[in-house]
Every structure is written in structure tokens, then in C-alpha cells.
Amino acid sequence: MSVLEQIAQAVIDGDEVSTPKLVEQALVAGTSAKAVLQDGLLKGMTEVGRRFREGEYFVPEVLIAAEAMKAGTNLLKPHLAKAGVKPEATAIIGTVRGDLHDIGKNLVATMLEGAGFEVIDLGVDVPPEKFVEVCLSRKVDVVAMSALLTTTMPMMEQSVKKLKAEVQPTPTIIVGGAPVTQEYADKIGANGYGRDAATGAELAKSLVINKR
Amino acid sequence: MNRSDYLELAARGLRMPVGAHLVLHEQPDPEAIERDGRRLGEVVAAAAERYRTPLAVPLMDLTIEKAALLEMLDVPDDAVATHHFATWPGDDIFERVAARMPTHRNVRLEATCEAIRYVAGHTALEPIGMVIGPLSLLVKLIADPITALFMVGRGRSAAESPPVRLVEGMLELATRVILWSVEKQIAAGARAIFVCEPAASTAYLSPRQIAGGADLLERLVLAYHRRLRARLRDAHVELVFHCCGELTPEFVRAFATLEPVILSLGSSRKLWEDAALVPRDVVLYGNLPTKNFYSDEVCPLAVVEAQTRELITRMRATGHPFILGSECDVLSVSGSHEIIRRKVEAFMNVRVP
């Protein structure tokens, strides 16, 4: 097994100790930072997403894999910067105002990173103004919003309205969460709906990265 | 009421939602009522009357015990919702909390107790209390619960892993606060306690680790619930156990060992299959997808009616005691209240030959 394959496997196994060691080993051996990212870390995360989608992995495995990937990515960041490698796109993500649930949001953030996005996590209980503020302060390609409660879903609509009114061009907006539906996404004017974390990230990729 | 009364309710074909939130949000000042025990009691009683049930199930407010605990630790009110412990603060936290418990008053818990007193004193309904379960309180208290719980599943001990120490310490603290809340509600007259443990699910506990031999359910769920169960048994108070999270059969079997009078599960479960996992003296409750009732596309009225017929028919075929109801508390959604209410009425009234 090549070192890149070992890195991918370490991510799949959620091994946050071995992953950075293998990344270091690959860099010392002269492998480019971009290859370590694309063919090692992200490849492993893509496989994790597949296993999650097919019911082989559960939420804990995905988040532990993300921890492993993060441990590797942290080591890789200065090398990527030095080589001029930039993320393919930027996504911001948050659970809407009034809602403190973060598991789904964290999963989507993880999957977005695995799909090549730089992800800015705004956390939970995010007001519409915050989504707008961040979009105005830097280039954002995707805004991802999550709500677990039927009672907090209407805050998505307010956030979408505010983004469309105040941010031009408006980034691609995707929504998700247990009670959210395609019908609801259409009704509030979102560009897409992810029925789970993996499809949400794939959708974002197809709407933004694959269109380039 | 005792276990045989609950079995009798099931045998009589009781249907009921957990519906206090719906009634509450038909009032002009729901937030004020949440802090006014007498009026809250009237809402709980009105919900039971509307849905023709003798069980007075209160609001499913799973934020009360966290708020009460953090108040005891002098965390400012506006920081309670987002406050998380990143590391174990030290064992003296037990003494600090114990010293505050006898006199501490959380306004919403006091209102819940007053509502129970109202139901017990002014109606013929069965007064029921409500608490969050220890694991579900834990995941609200710590910053990164899933990683920490995964470390437990990897067999790490508290001595070698700070996250595991945090989990074990906070679970103990959570259990003590929940027992404190339970005592108050029993003292107010609760004859059953509705224990909500949605975190005891595959979102937090890995079925792969469990299948691999990790004793997650015993170590993180059952050990603490048995203490609650013992206290309820001593007080002759019944247990209603609720978990609307995603589950595997191992979870359902584990919950049943706590001997609840009612086991309430989410809509991801096929109750007619779970009937084989649960003893015959435990009533299964649920589990229509009420979280989607707001959407006419995902969950049109005709589907609610069809699911009602299917669920009742299949449960009859199992012969297992069953009460038809909601998968969780039915929340009123701004702009969709009437749609939701209509679907609740539908499952209450649809005829099943």
C-alpha cells in the first residue's frame, strides 16, 4: 500500500494519531502537498461519505474520520500555502437562529471539506444578519443552513430573503435538516436541499465546483 | 395508575399525541405561561381533554435541567444555552452543586411542578412529569460529545483519556441533577415520569462499536437509567421512556430492560417489528411522523390517514399493547399550526375496521 493509500485508510479508520505521521512521511518523501490532500486525505473522506450514505458508517465514524483528516490537514496547510494551492471554493455553514443543534451541521461541514471546500463554521443559533455579514466581508460560494426543529425552520426563510436582498451576487444557498424538504427549499427560494450530509455536500459541489 | 392500567388503555385503543405544545401556542402569551405553573397546568389539562386521554403529559422542554444545573454554577442566564464544558472541572463541582440543590429554584421547573400540582389537585387526569435523560443532558453540557463518546467506545479509561473523564464526570453530574428534578416532580404529585433520551441513538453511539463488543449502552445509558428507575420504583412512580433518535434493535432491547410502562419511539422504527424485541407488558407508543406534519408534500393528510390505518392494523396483528401517537412532542410551527392540528385530528379520528 502506498503512503497516500495509507493516509486515505487512516482517515477511513478515524486514526488521528497515524494520519499526521503519514502525512509527514509523505511530505518528507517528496510527495506534493496537493497530492497528499487530493489523493490521500480527501480520497479517504470521500470513501467515508460513501460508507455513511450506504449505512455502513454512522455519525460517530464520520466525525472521528473528520478529526483524523483535520489532524493531517493542519500539518499540510503551510505546505499548501507555499505551493499556492487554494481551496476549490468557500462555504459558510450554520444552524439558524433559535436552533442549537449542531450534529447535522457538523456532518455537512465535514462532508463539504471532504468535497474540497474551505468551510467557515458559524456555529449554532446564527442570525440572518450574520450570514449576510460574512458574505459581505469575503468571497463566499455556498451558504449552507441547517435546522433540526420545525419551529426554527421559518428562520431559514428569513435568512434566504436577507441574503438575496443584501448580497449581490447571492451565493448558492443550500438547506437541510430533519424537518426540511425539497418543497420547503423551493418555497423559500433556496438553490438546493440536501436530504443528508453526503448528498448536501455533493449538491454543493455540483452547483458550484463542477459548474466551473 | 399502574402497569395494568396502561395495558388497559392500550387494549381500549387509546390514541393521543404529545400535544401540550400545540395547545400552548394557541394562547396569546405562551412564553409567559411556561413560567406560570397554574396556567401551564391548565394548558396540559386542556391538551389531555382535547385529545381524550387520561394522561396529562407536560411540555417536552429538554432545556430545563441544563439551565438549572448551570444556574447552580452561577453561569449567567444569557450564556446557559451555549455553555459547554471542554474539560472536567474537578470533583469539587459535585459539592458545589449539592450545596445549591436544596434551595435552588429554576423558574420553568417550578412552573412544571406547579402544573403537576394543578393537574393532581384539580383534574382526574394522571399527572406525569418530564425530564431529559442523562446522556442527552451530557451531550448538551460538553463541547465535543461525539468524539468523547467514541473514545469510550474504543475502551479508553478516564485515567488515560481526558475526554472520557469528562464524559464520566458529566454523566454523574447530569444524573444527580435529573434525580433532583425527578424528586421535585414526584413531590408535586407526578405519578409517572416521561424520561426523554434522544441522544441514546446512532447519532452519538456507534452501532459498529457496539457490534464490536463495546459496552456503550450499559456504560453510558443503562447504568444511569437504572438509578433513575430504582428511585421511581421506590416512589411507586411509573417510567415512560422516550427516544425518537435513530436506533438499531440493540438499543430497543436495552431500553426495554428498564421496564417502562410505555416505550415511545421515533418514526424511523417499525413498531410492529420492535414488538418482538419488547416484553408484552411494555406498551409501545408512537410513532407517526409528526415532525413532518407541517409539510403537505412530504406528509399529506391522506398519507397520515393511511399510516394510521397501517400502524394500527399491523400492531393489532402482533397482539402487542400499543397506543397510537406522535413520534415526539407535536410542535406548533408558525404559519403551519392549522395544517399540523388537522393531521393530528386525522390520526385521532380516522376509522380503522
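**From domains to backbone details**

In chain A, 10 residues of domain 1 are in contact with eight residues of domain 2, where contact means that the C-beta atoms of two residues, placed from the backbone, lie within 7 Å. The side of domain 1 of chain A that touches domain 2 draws at least two residues from each of helix 3 (33-53) and helix 4 (59-82) of chain A. Helices (H or I, at least four residues) and strands (E, at least two) are DSSP runs, numbered from the N terminus. Helix 3 of chain A gives the most to that side, with six residues. By residue class, this side of domain 1 of chain A holds seven nonpolar, two polar and one charged; Ala, Val, Leu, Ile, Met, Phe, Trp, Tyr, Cys and Pro count as nonpolar, Asp, Glu, Lys and Arg as charged, and the others, Gly among them, as polar. The domain assignment of chain A places domain 1 at 3-82 and domain 2 at 89-209, with bounds that come from an automatic or database domain assignment. The centres of the two domains of chain A, taken over C-alpha atoms, are separated by 25 Å.

The model is predicted: local features need pLDDT of at least 70, side-chain atom pairs count only at pLDDT 80 or more, and totals for chains, interfaces and linings use all residues. Residues are numbered from 1 along each chain as its sequence is written, while chains are lettered from A and ligands numbered from 1 in the order in which they are written.

Next comes the contact between the chains. It takes 20 residues from chain A and 22 residues from chain B. On the side of chain A that touches chain B, helix 4 and helix 8 (182-188) of chain A each supply at least two residues. Helix 4 of chain A has the largest share of that side, six residues. The side of chain A that touches chain B divides into 13 nonpolar, three polar and four charged residues.

Chain B has a secondary structure of 16 helices and eight strands. Its radius of gyration is 20 Å, close to the 20 Å that the globule rule gives for 353 residues, so chain B is as compact as a globular protein of that length; the radius is taken over C-alpha atoms, and the rule is 2.2 Å times the number of residues to the power 0.38. The C-alpha trace of chain B spans about 60 × 45 × 40 Å along its principal axes. Of the 353 residues in chain B, 52% are buried. A residue is buried if 20 or more other C-beta atoms lie within 10 Å of its own, exposed if 12 or fewer, and partly exposed in between, with C-beta atoms placed from the backbone. Among the contacts in chain B with a separation of 6 or more, 74% are between residues 24 or more positions apart.

Strand 5 (residues 238-243) and strand 6 (residues 262-265) of chain B pair in the parallel sense over four bridges. Within this part of chain B, His242(B) has Ser264(B) in strand 6 as its bridge partner.

Helix 10 (residues 162-188) of chain B has 27 residues and reaches 39 Å from its first C-alpha to its last, close to the 39 Å expected at 1.5 Å a residue; the expected span is 1.5 Å times one less than the number of residues. In helix 10 of chain B, 19 of the 27 residues are buried, so the helix is largely enclosed by the rest of the structure.

Some backbone details remain. A cis peptide bond with omega of about -10° joins Gln168(A) and Pro169(A), and Pro169(A) lies in the loop between helix 7 (154-166) and strand 4 (172-176) of chain A. The bond from Gly286(B) to Asn287(B) is also a cis peptide bond, with omega near -25°; Asn287(B) lies in strand 7 (residues 283-288) of chain B. Asp74(B), a residue other than glycine, has a positive phi near 65° and is exposed, with 8 other C-beta atoms within 10 Å.

Methods. Pairing = 2+ DSSP bridges.
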